[in-house]
Amino acid sequence: MLMFLGKRLLQLLPTLFFVSVIIFGLQQLLPGDPAQAMAGEEQNPEVLAEIRKQYRLDQPFYVQYVYWVGGVLTGNLGESMRLKEPVLTLIAQKFPVTLQLALMAIVISLGVGVSAGIISAVRKNTKLDYVVNVLALTGISTPNFWLGIMMIFFFSVYLGWLPASGYVSPFEDFWLSIKTTIMPAFVLGNSFAAVLMRHTRSAMLSAMTSDYVRTARAKGLAERVVVLKHAMRNALTPVITLGALELGTLLSGAVLTEQVFSIPGFGKLIVDSVFNRDYAVVQGVTLVTATTYILLNLAADIAYVLVNPRLRD
Amino acid sequence: MAVSDQSTVIAATAPADETPLRRAWRRLVRRKSAVLGLVIVVALVVVAILAPLLAPFDPTQQAYAFVRKAPSLRNWLGTDESGRDVLSRVIFGARASLLAGVVSVSIALSIGVPIGLLAGYRGGWVDALISRITDAMLAIPFLILAIALAAFLGPSLTNAMIAIGVTATPIFVRLTRGQVLVVKTEDYVEAARAVGNGPLRIAFRHILPNIAPALLVQASLTIAAAIIAEASLSFLGLGQQPPAPSWGSMLNTAQRFLTNAPWMAIWPGIAIFLAVLSFNLLGDGLRDALDPKER
């Protein structure tokens, strides 16, 4: 297990290196002079020279990269030009909001997606299976920002049940927090639920034809026990791994969902920074997202090995 | 028993001298959902091409006497905040969406496939380097990379298409590489090499045609993803710029008038949904039709 962990960690290094190169390289795409872009309206050559010196724009690309990575490794992601705060502080402020949203979305999509997948596999080729499949395809094809707008229209404007936008921390007011996040969490979980449903269905279908399920049936166990205890437990392992691979989609989805519901999280931070040309924040958020995603994949791999004793050596 | 029965039926209906293309087509049209997908795709393409003939109004024509009017005989889907006809804007919006889907996937294919062929065929350090860069790009969530790229390139439909295309490239690099590794050891590739064909000729003449089905399936599914991505970027203001119509930017404006003009939000969303659904259905259908295991 330690060997496996060491090997996997070593494999991460080149990936992380190239992630950092790509994200740093984005800055080189800026049309024109980056100092000019940073200065905005300011045209004074002395100010521009000062900016160039401060951000080391007068140095070659690789020198700038080394300084940037050096900063990143010591926890310095630069400073937001707009908010005049360290990027890391901003991320630390916004991350819990997105995390709450993502966790709620995962709970919703696991509940809906996994149970729908099991039902559709057990009732294979029936009308119910067909309906579940159509719903899953609908979920995958619905743009989540549109679903969000439609839900606001129905639940906030028409019925007046839920607030249309805004965010309250669960530590301030738990129930109000749930009320402000339940719609965005559902919207965020929607396509994730559809993907989980498809994975669960195919994993359950292959588990249902396996020898251990046949043995369990032959022992005379009730069908409910066979499905829920024998088939499901084995089918869920690949579902969790595949699910972890889709978590990146969830982070992408948060960008739009937070925009629609005006939730001050990670996604809104990146969009606001994009429009204010606050490139240090864009780079910082992208880097943290990619690293989170890579670590989640590592965690999924480890979990997969832990529950699969055959893979341990 | 059931399986052998089915194969007898297929064998009986399939002509002996059928080409692979015809067989794939016959298998595709047997699936109702794939046919539905194909019909919607064709309809959308026709709408996009014939937009000037089909749209009742100029999509950018403002009419302040008709601001935010509910659907009526004059404006079937209502009007927007500047009195523009929503139906005409939805019809013209098909152009931006389909263009974004097709152009960005073409960019991804034309960069990704040659790189994937190189990685898979050459192997060694070239493969190792390309694979690590691919991993790194795939580690950055699709939309976040596209947003970052679009932000640094500047907001426009062209830049959005470039951003989506570049972001989708690693998907095709990885797929092509994997397929090449499978096909590389096949007898016909070995034979082509034995008679003295150069690596370029083997890659493009012998390997590429054999991995094309897998690429076609992925391309169809990626068009669906690219259409959502374009709509998302336009929704955020990073794609098609106003007043040119795009479904994503229409939804952005519509959100502000949800209380008194909900029709502004309904139709562009349904249009995106139908476009994405049709390419997903087509992609799923193609996957089954082109699956060699099911022949």
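**Exercise 1.** Describe the order of the secondary-structure elements in chain B of this predicted model, and then characterise the chain as a whole.

*Solution.* Read from the N terminus, the elements of chain B follow the pattern α-α-α-α-α-α-α-α-α-α-α-α. The count is accordingly twelve helices and zero strands. Next, take the dimensions: the C-alpha trace of chain B spans about 75 × 50 × 35 Å along its principal axes. Then consider burial: of the 295 residues in chain B, 47% are buried. Finally, among contacts in chain B with a separation of 6 or more, 70% join residues 24 or more positions apart.

**Exercise 2.** Determine which elements of chain A form its side of the contact with chain B, and classify the residues there.

*Solution.* Begin with the totals: 38 residues of chain A and 36 residues of chain B take part. On the side of chain A, at least two residues each come from helix 1 (2-26), helix 6 (127-141), helix 7 (144-158), helix 11 (247-260), helix 12 (266-275) and helix 13 (279-307). Helix 11 of chain A provides the largest share, eight residues. By class, this side of chain A holds 29 nonpolar, nine polar and no charged residues.

**Exercise 3.** Identify the residues that touch the most other members of the largest nonpolar core, and trace the contacts of I270(A).

*Solution.* The largest nonpolar core has 159 residues, and those touching the most other members are I270(A), A146(B), I147(B) and I227(B). Helix 5 (residues 86-122) of chain B contributes the most to this core, 17 residues. Leaving aside residues up to four places away in sequence, I270(A) touches V255(A), V282(A) and V285(A), together with I144(B) and I147(B).

Technical notes. Residues numbered from 1 in each chain as written. Chains lettered and ligands numbered in written order. Predicted model: local features only at pLDDT ≥ 70, side-chain atom pairs only at ≥ 80, totals over all residues. Contact = placed C-beta atoms within 7 Å. Helix = DSSP H or I, 4+ residues; strand = E, 2+ residues; numbered from the N terminus. Nonpolar A, V, L, I, M, F, W, Y, C, P; charged D, E, K, R; others polar. Core = buried A, V, L, I, M, F, W, Y, C linked by C-beta atoms within 7 Å. Buried ≥ 20, exposed ≤ 12 C-beta atoms within 10 Å, placed from the backbone.
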